[in-house]
Amino acid sequence: MNADELLKETADDYRVFGTVHTKGHSPAYERIGVAVAASPQLLERLAALPPIKRQPNLLLAAVRYLGGPVDSGEAFVAWALGHWQQVRPVILARATQTNEAGRCATLLPLLASLPQPLALIEVGASAGLCLYPDRYRYRYDDGTAFGADGSPVTIPCATTGPVPLPEPDRLPRVASRTGVDLNPLNPADEDDARWLESLVWPGQQARFDRLRAALSVARATPDPARIVRGDLNARIAELVAAAPEGSTPVVFHTSVLCYLPTEARQAFTTTIRELPCRWISNEAPDVLADVDALLPYAAPTERGVNILALDGKPVAFTGPHGERLDWFPR
Ligand SMILES: C[S@@+](CC[C@H](N)C(=O)[O-])C[C@H]1O[C@@H](n2cnc3c(N)ncnc32)[C@H](O)[C@@H]1O
């Protein structure tokens with residue numbers, strides 16, 4: 001790709017971010033995505049970064065982490081250009097590690113349907129906030145909230161289709177919580193928490209409040225998740241082997257495999273099918289071709305969705321942050 005094509009590709013990514021991905025979710029990021037796409041100076045700096053570091057979420061989180069403005073697209077661009085010496089190192093040092101406890105609302109029906117207790121094993125766990133599904137409360141549609149008594153986290157989720165919701169007194173029982181991440185974040189570390197907060201899009205106050213509440217759950221828990229550092233392909237077999245006897249090992253991942261090259265994704269799906277565990281995936285369309293091939297109908301294109309699957313068989317479309325669960329007809 002020549003320099004002009006690279007600039008155009010980077011501009012397109014930011015334009016799509018502003019006009020599709022954040023549309024209706026974050027007016028500030030809609031404006032900023034479009035403004036960055038129209039700034040040749042900022043695009044040049046972004047294009048000089050390694051490909052994985054050009055992502056809109058990373059630039060936007062870095063500027064917010066450093067205290068930059070997000071109220072206007074032009075002010076954002078001017079600030080990012082003027083502070084590039086500080087912005088660039090944050091982009092290079094950090095990664096998109098958005099940790100969304102809300103996704104537990106989409107995992108819960110599958111987790112509750114498996115033989116209990118569970119050895120939860122999350123690959124790409126970030127700070128591990130999805131490893132506490134038994135410590136949160138859930139409200140599906142307009143129903144009564146249920147879940148862990150006194151939890152500061154209540155996750156709302158809109159549903160369609162025959163979702164096999166668990167009985168309120170049948171939450172998953174968790175025997176162990178482990179995970180792997182290239183860079184595990186520590187819920188008790190103020191800097192890590194501030195980075196996670198910077199990754200929540202402006203205007204999404206409910207998600208911001210949920211993040212803070214979920215971090216407080218993770219900090220206070222008597223049985224914190226053990227998250228090892230490393231590549232998921234390198235560490236998964238040992239994590240499954242360490243599951244406590246008598247438990248059901250469940251390997252799960254949400255919004256993770258998109259960050260892996262195709263060959264690494266394939267290596268993972270081959271391994272996981274051979275390991276003695278159950279497997280829950282919650283990834284965007286086009287990430288797992290074998291799962292996509294079994295969809296009963298095409299994924300909607302007008303809004304972002306993930307595909308929820310158990311042992312490689314798709315069961316539902318889900319909202320990217322756990323806000324929706326559209327179960328397929330049986
Ligand atoms: C977008 S976050 C999702 C975090 C969490 N699963 C959730 O849904 O809230 C993706 C995470 O995957 C991790 N990750 C990406 N590639 C990885 C790899 N090859 N091995 C282990 N972790 C990886 C990143 O470090 C990041 O923390």
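Helix 2 (residues 27-37) is largely enclosed by the rest of the structure, because 8 of its 11 residues are buried. Buried means under 20% relative accessible area, exposed means over 50%, and partly exposed lies in between (1.4 Å probe, protein chains only). Helices (H or I, at least four residues) and strands (E, at least two) are DSSP runs, numbered from the N terminus. The model is predicted: local features need pLDDT of at least 70, side-chain atom pairs count only at pLDDT 80 or more, and totals for chains, interfaces and linings use all residues. Residues are numbered from 1 along each chain as its sequence is written, and side-chain values use heavy atoms, with hydrogens and water left out.

The buried residues of helix 2 are Ala 28, Tyr 29, Glu 30, Ile 32, Gly 33, Ala 35, Val 36 and Ala 37. Their cover includes helix 1 (3-21), helix 3 (40-47), helix 4 (56-65), helix 5 (73-82) and helix 8 (190-199).

**Chain as a whole**

The protein chain contains 12 helices and 11 strands. Its radius of gyration is 20 Å, which agrees with the value near 20 Å for a compact globule of 330 residues; this radius is taken over C-alpha atoms, and the globule rule is 2.2 Å times the number of residues to the power 0.38. Along the principal axes, the C-alpha atoms fill a box of roughly 60 × 40 × 35 Å. Of the 330 residues, 54% are buried. Among contacts (heavy atoms within 4.5 Å) between residues at least 6 apart in sequence, 70% join residues at least 24 apart.

**Ligand site**

There are 20 residues around the ligand, of which Glu 100, Arg 103, Asp 181, Asp 231 and Thr 254 come nearest; the criterion is a heavy atom within 4 Å.

| Residue | Distance to a ligand oxygen atom |
|---|---|
| Gln 97 | 2.8 Å |
| Arg 103 | 2.6 Å |
| Asp 181 | 2.6 Å |

The protein covers 95% of the 600 Å² of accessible area that the ligand has on its own, with areas from the Shrake-Rupley method and a 1.4 Å probe.

**Ser 216**

Ser 216 is placed in helix 9 (residues 205-220). This serine is partly exposed, with a relative accessible area of 30%. Ser 216 and Cys 104 are 112 residues apart along the chain, and their C-alpha atoms are separated by 16 Å.

Technical notes
A polar contact is a pair of N or O atoms within 3.5 Å; within protein, one must be able to donate a hydrogen and the other to accept it, and residues adjacent in sequence count only if both atoms are side-chain atoms.
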